[in-house]
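Thanks for coming. I have one structure to go through, region by region, so please look at the display while I talk.

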Amino acid sequence: MDRRKFLKIGGTVAATGLVGSCGQIAQKVIPFAIPPDEGINPVEGWFYNTACRMCDSGCGIMVRVVEGRAKKVEGNPDHPINKGGVCARGQAAVQQLYHPERLMTPMRREGAKGTGNLVPITWEEAISMISENMKNAKEDSSFIIAGDGSDMTAAITARILKNMGSDNFAVSGFDSREKFIEATSSTGTPKVPYYDIANASAVLLLGADIFEGGASPVHYGWAFGQMRRGNKTKRGQLFYAGPRLSMTAASADHFFAVKQGTLGQFALGIANEILHIAEEEHLLKNLPATKVEEWRHAIGGYTPEETSIRTTVPADKVKHLAMELVEHLPAVVVPGDDVALHTNGLESLKAVEFLNSILRELAAEKGLSSVPVLPKENKELYRAMNEFIGVPEKAKKYSALKGVIGKAATGSQRFGLILHSNPVYATPKALKAADALTKVKFVAQVTNFLDDTSLYADVVLPDLHFLESWSAQVVDFPHGVPVFNTIQPVVNAAPGTMQAGDALLKAASMAGLGVGIANQEVMVKNMLIQFRSKWNGIPAGLNEKQAWEALLQKGGWWADIHHKAEKAISEGSAWVTSDQLKVGDPAFAGGNDFTFYLHPYSTVNMGDGNVSNLSWLQEMPEPMTTVSWGSWVEINPKTAKGMGVANGDMLKVESPFGSVEAPALVYPGIGPETVAVPFGYGHVSFGKNATARGANAMDLLGDFPNGNGGLPAWRAIRVKVTKTGTKKDIIREANPKGEYEGTEIFQL
Amino acid sequence: MRSSLKDIGTLMPKSAIGRNLALLILIVGGVLTYKVTYFYQGPIMGLSTYTPKQPIPFSHKQHAGDLKINCQYCHTYARRSEMAGVPSISTCNNCHANLAVESDAITFLKKNIEAKTPIEWERVFKLPDHVFFNHKRHIKKEFECQKCHGPIETMEVVGKVNEFKMGFCLDCHQQEQAPTDCWTCHT
Amino acid sequence: MGSHSEKHILTTKFQTLQNEGKAHGINAGSDVDLHMSDEILNEKSLRPMFRTTKAWFVYTLALSSLVAWAVACWGYQIWNGMGVTNLKHPVFWGMYIATFVFWVGVSHSGTMVSSILRLVSANWRRPILRGAEAMTTFSLLVAGMFPLIHVGRLWRVYYMFPLPNQRELWPNLRSPLAWDMTAITVYLTASSLFLFVGLLPDIAVARDLCPKGNWRSLYLKILALGWRGTHRQWMIYEKASIYLAIFVLMIAPSVHTIVSWDFAMSITPVWHTTIFGPYFVVGAIYSGVAGVITLMILLRWVFKLDDVIKLVHLTNLSKMLLLMSIIWTYFYFTDYLVTWYGNNPVEMNVWEWQTERFSLQLIVMLGCSVATIGLLSWDWVRKSPGMLLFITIWVNTAMYLERYLIVVPVLTHRDNPYTWTDYWPSFIETSIAVGAAAYFLMLYAIFIKLMPIVTIADVKEGKIITGDIAIGNTNIRAYGDPGEH
Amino acid sequence: MVSWSFNTKHDNDYKWALVIDLDRCNGCGACTVSCQAENNVAVVGEELALQKRVMSWLRIERYFEGEWPNIRTVFLPMMCQQCENAPCEPVCPVFATYHNPEGLNAMIYNRCIGTRFCGNNCPYSVRKFNWFDYGFESPLNEQLNPDVSVRDAGVMEKCSFCMQRIRRGKDRAKDEGRKVQDGDIMPACGQTCPTNAITFGNMHDPESEVAKLIETKRRHRLLEEHGTHPSVYYLKGGA
């Protein structure tokens, strides 16, 4: 259905001073100070295009605004990422905007760090304090931890940081993507590969929970819909292989339970079987025979039988899966956290890429292909825009964060700035972020809510909510296609709040570190001026104001993507050489007495926990467990019976790095040797909805394997599980018995 | 007591006339209660029940009556929106930029215009928030505003002429064969 | 004529008369004591009314405090919303509805039994009528409260009445609840009328025997409606009571059938069955008769009415109870069998759940029907008030549980398995249910103090038509035979 | 439709239907929050959620089959099915819920007296009751949708197919002097669905997408044995 027809695309920023409460019964009638433009129905309201910042996927949204109040978030149908869809978290943006606990005034710390004793101060005081401490900062004695390194606030602060003679910029919103970049680094164009699910007819997900997290749940959701039923004649097949039945896995036609850390070997096993089939059916003719031979030889060991021993997937299933992939071309294999976050992560990723390149080859022979073609100039543009933002690529890596926290821990840091990020909560306990922050002389935090990190901040600045602020974002979208989102204020700023970027600019200029920019809005305009010529789609005839409005009305700028490739030998396979085709057995943190594999994962409603204080998301049942208002430990029914554990029994989960306690949830979708713990719960201080609710899975994680600078192998941790004897009610929407009757009663 | 009540028999009216009379009284009584309850909650035509004092003594008699300014010149959303909308001060300024500027009402207005602060009018016509009236639809059907709001153009101070009870809406909807589905007005 | 001396008796010579009454050889077989003089009969019947012991005050006070507490709970519920109950999604009906059905059921004994017995002119009926009819009226008053307690917006409940209004909205006559309201109100009116008409001659007696300056005389004079016992009055009285009996007899079954339709008319799995109408009616009479027996035993024990309400009455009633329990058991198992044969997965789920969750209640309920049939088949059981008391109380407990088991289990485990849940009444709900029982007993206790609890006139009539009549020097046996029992 | 039902007669222009493709639905739950935002559905909090008093009009039911590792999962978005022959309608003693001319089960909150009979009689258990008065803590009330009335304690509520949107869509179509076509109206759930699993339209318009979809062989309706004739059609998953 075409949403475009349904929604008016919103105009530019609303006329200011819209107050009043018509519609509701009220004693006073307060008219508009300035009448809204002709043709607008003030009750239906306006739709303003902006971008969602609830996570950093960068979906384009349009917000319904009635009489100066944001009412509802809808997806921008023209946007290449979300195609008009919005996820649960995005929908909750309006609740975040009008949250009763939103911070409305700057705060200063009183007493020791960690006590969280904050007193309100004026903006002037706050700014002067910050500028003072900016002055005091010397070479390499200041750092920034940002929630997202791709928006205007990050850009401004990065410039200020440079003037302060430091490049300790770290982005805390890390996930397994950097592993992909590592894996693809040898190709010369390091990137997160884009898997064109939409046009594939078979997709194999290797532990890739693409609907729950990762690059963009909404985009992959759309792609999944297209694959499944977008094409009227054929239905796309979805296969999932991994250690847990995740929400993504639940949508798959076939689920393969694979032992932790062996997914790379699983991929090679399938590749082997496919090559076997190809040989029998005389496929892969276009490739040089030597190369195929080389491959056959390199992965000869991974016969279905061998694979089944390693991965616990029966050999016939491996064969069957390989056959399915060959039959449903084009087929794509998507690796996920369970591939990347293991000690053999890099090898596994390469193995998967290898499998993909074979499948591309097979598809190409049939004249099919699903390799997105990325015009060269787009890549250039993307790089240029990233450079404009000015946040170094390395800042987005885990190592950067680790480095910054490490430096802070030494006590060498005098000035720390934390932008919409909660490192104290959202980093592994092993990093000791809290202790590190206490050692920093002065920590300023920019946020909308007081959170765990605010306990260690000297000054807390109440930033505008993203629905109130001027900003823009260069989305790190896996296409490599540059997506530039403009973010405009759809409602007036809440009293007492202020654009933190502007405040920091003021502070910087007071400290003599000015970067010559008035405010964030100007930054966005500058980008328009600089890149307008390269942004095709904005008519050349327009003057600056018109161009500006056109940009805002569209919600940003993005290049069109076309998916059909003429030639199939893509950069995917170029770097795969036979000597790389081996995947070692995984190693695990924790000795033999740690009897369970730990599976920490982020749920679709809580994510990494930065939205845990929104009651809409707390009350929304997590789709697979149907649990709301609290965290849990998933355990296999048989295992639970063996341990005498029932729903609600408190379990103590101990890893080599820490331990958590949470009620048990007997969950059939998990292996007998695995326990799963969701992220996003167990805040120390984050408003009444999130504080002390459940356990923080981050406490179980640590640096493993030690030594390598990259992202730790967080799916390669083993834990002890013990009953504490206490019980806690789990709020679970589904009836444990009834959830097995539904398919019969509803004939599904 | 005992003497007055001879026996149970005396309870029943003896004559046929008596019985019919009783029946008649019952029927008439029933009809009366119906009518009474109906009119009690129904419209009270002609008399303004609620005339609050407004921040500016704006005279609809003068503007709408004598000067014959079209209602929708000021209440501009009426034709395109659910709500008619109280005009914004800039609308007033269209004429009063250089008209009757010396009167203190207008000076008050000017002050607001400079300060860009809207005037807080007292609401006269209220609907409970479970009722959704759509001005646009009624305007498009070329309905007289007066039909509901009363003879506004004769009023110095606007007062409520009709109780906007459901019966009031319903009468009209039935006469005009307008939809009487509950969801037409309630959500 | 003799009113003066009788008043005298009532105050002083009471004890001696009592002894005389005892002295008379009471032939236990017959239902009326032919040799008991009218004075003594009046004495015995009016004593509960005029003689108030401390015990009564304590008893009534205790009950009324329970009622007060229940009312407070109700107020709390209205103030805070229905959430103070344990009702939840999707268990929208619970203890309140079960209790409602129970009390409507109880109400079915009195009026119906007495009218049946009137119409078949069973002689043994006489002394028990009043107690039974009063029971009907009061249990209906209690039952009528529960729909009001149950609704979410009590202050809007008048939407259910066909009041003319400017919204031109009327009640929905397709809804079983609308029928329910009508049925209950009609039944209440009819049975109160029945009770009152039956009372007339006895009120007159009470009026005449009322000691001077006793406050009761005020309302007795008015309510007696100038009853003089003239021939015309008696004729009208007889006619009226017969007509009313027929009328009530027609209403009563329809009422509980309609109550059963609250369930049967819905498409809820276990409820949606055609047998519910008769099944409920039988259940109602079953519990009702049990209720009557309980009350009669208590009355004759508390007020020493052994020789007015005699064993034979209890025995006959218990025969009726036996019959009812057999019929009820039959209906219950028919219903069960049919549903089981249908083998609808949802209904099977409900039963599975019922047996695992409410096993105790099931045992009490089914055990009861078995026991009543078993025990009541023994003659000595039917003749032992103690046993009867035990059985009848068990029966009513069982019947309450039956209603609970009809309402609750299916709602907790109905069509949509995702929403399966559990329900257990909250403290508020329980207090209100208990308060209702207390309310019933309180009303009854007060009634005993305001009106003669024994149908004096009827008993006298019975005595006349079964005893001897002196004509001149000879005593001629009246029609009817004292030894017929 | 059903000759024996008590339904009011239909106006022939519109008959709204919702088609949900279970094969597309990935259970992400965006629809549930979207519905909550659009229809001023209250948040009940932890204690009441534990007592099964969540108010959400739309929930995603998740059903399992089999055991690890061979588990089949079905997501079933469940909202009011807007039955053609609705069990909830006849039992309401005050016409608070009734069949509207466009084949929807209208629920009029301010008429409801809270007998909860309708909720009892709904085989899908989709009606929700306001057990308490759940307020909207300021400034959260600023977000309330002005097109939807806020419900009070003691009344039933349920999915309305976002009838405020239907009304506005028809209103707009009327202004343009045409009938409502596909794309004019979309309920909040379908609006936000990332996988485009939800389609909404007018069954009486043979050109509409829903009219076409409900002819396909994957068409499925829930508990049809009750003869409720839902207006919500599910397209079964699988091949």
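D:Leu223 has a relative accessibility of 2% and therefore counts as buried; buried means under 20% relative accessible area, exposed over 50%, and partly exposed in between, with a 1.4 Å probe and protein chains only. Its phi is near 50°, a positive value in a residue other than glycine. D:Leu223 sits in the loop between β9 (219-220) and β10 (232-235) of chain D. Helices (H or I, at least four residues) and strands (E, at least two) are DSSP runs, numbered from the N terminus.

Before going on, the conventions. This is a predicted model, in which local features need pLDDT of at least 70, side-chain atom pairs count only at pLDDT 80 or more, and totals for chains, interfaces and linings use all residues. Residues are numbered from 1 along each chain as its sequence is written, chains are lettered from A and ligands numbered from 1 in the order in which they are written, and side-chain values use heavy atoms, with hydrogens and water left out.

A positive phi also turns up in chain A, at A:Gln747, where the value is near 55° and the residue is again not glycine. A:Gln747 lies in the segment after α26 (742-745) of chain A. Buried or partly exposed? A:Gln747 counts as partly exposed, because its relative accessibility is 45%.

Next, cis peptide bonds. One joins D:Trp68 and D:Pro69, with omega about 0°, and D:Pro69 is in the loop between β2 (59-65) and β3 (72-78) of chain D. Another joins A:Phe704 and A:Pro705, with omega about -5°. A:Pro705 belongs to the loop between α25 (687-690) and β25 (718-727) of chain A.

Now to a sheet in chain A. It is open, has four strands in the order β11-β10-β9-β12, and its pairing is parallel; two strands pair if DSSP finds at least two bridges between them. At the edges are β11 (254-257) and β12 (331-335) of chain A, each pairing on one side only. From one strand to the next the twist averages 15°.

Which strand of chain A pairs with β12(A) over five bridges? That is β9 (residues 202-206), in the parallel sense. Within this pairing, A:Ala202 has A:Ala331 of β12(A) as its bridge partner, and A:Leu206 has A:Pro335.

Helix α9 (residues 263-280) lies across β9 and β10 (237-242) of chain A and runs at about 150° to β9(A). Axes are lines fitted to C-alpha atoms, for helices over the stretch in contact, and angles run from 0 to 180 degrees between N-to-C directions. Helix α12 (residues 315-327) of chain A packs on the sheet and touches β9, β10, β11 and β12 of chain A, its direction making about 145° with that of β10(A).

Five of its five residues are buried, so β12(A) is largely enclosed by the rest of the structure. Both faces are covered, with A:Ala331, A:Val333 and A:Pro335 buried on one side and A:Val332 and A:Val334 on the other.

Still in chain A, there is a helix pair. Helix α5 (residues 152-163) and helix α20 (residues 520-531) of chain A pack at about 95°, and their axes are 10 Å apart. That angle makes α5(A) roughly perpendicular to α20(A), a label used for 65 to 115 degrees. On the α5(A) side the contact is made by A:Met152, A:Thr153, A:Ala155, A:Ile156 and A:Arg159, and on the α20(A) side by A:Gln520, A:Met523, A:Val524 and A:Met527. Contact means heavy atoms within 4.5 Å.

Last, chain C. C:Ser45 is in helix α3 (residues 38-50) of chain C and is buried, with a relative accessible area of 0%. Its side chain reaches the backbone oxygen of C:Leu41 at 2.4 Å. Leaving aside its neighbours within four places in sequence, C:Ser45 is in contact with C:Ile453, C:Val454 and C:Ile456.

Notes:
Polar contact = N/O pair within 3.5 Å; in protein donor to acceptor, adjacent residues only side chain to side chain. Parallel < 35°, antiparallel > 145°, perpendicular 65-115°, else oblique.
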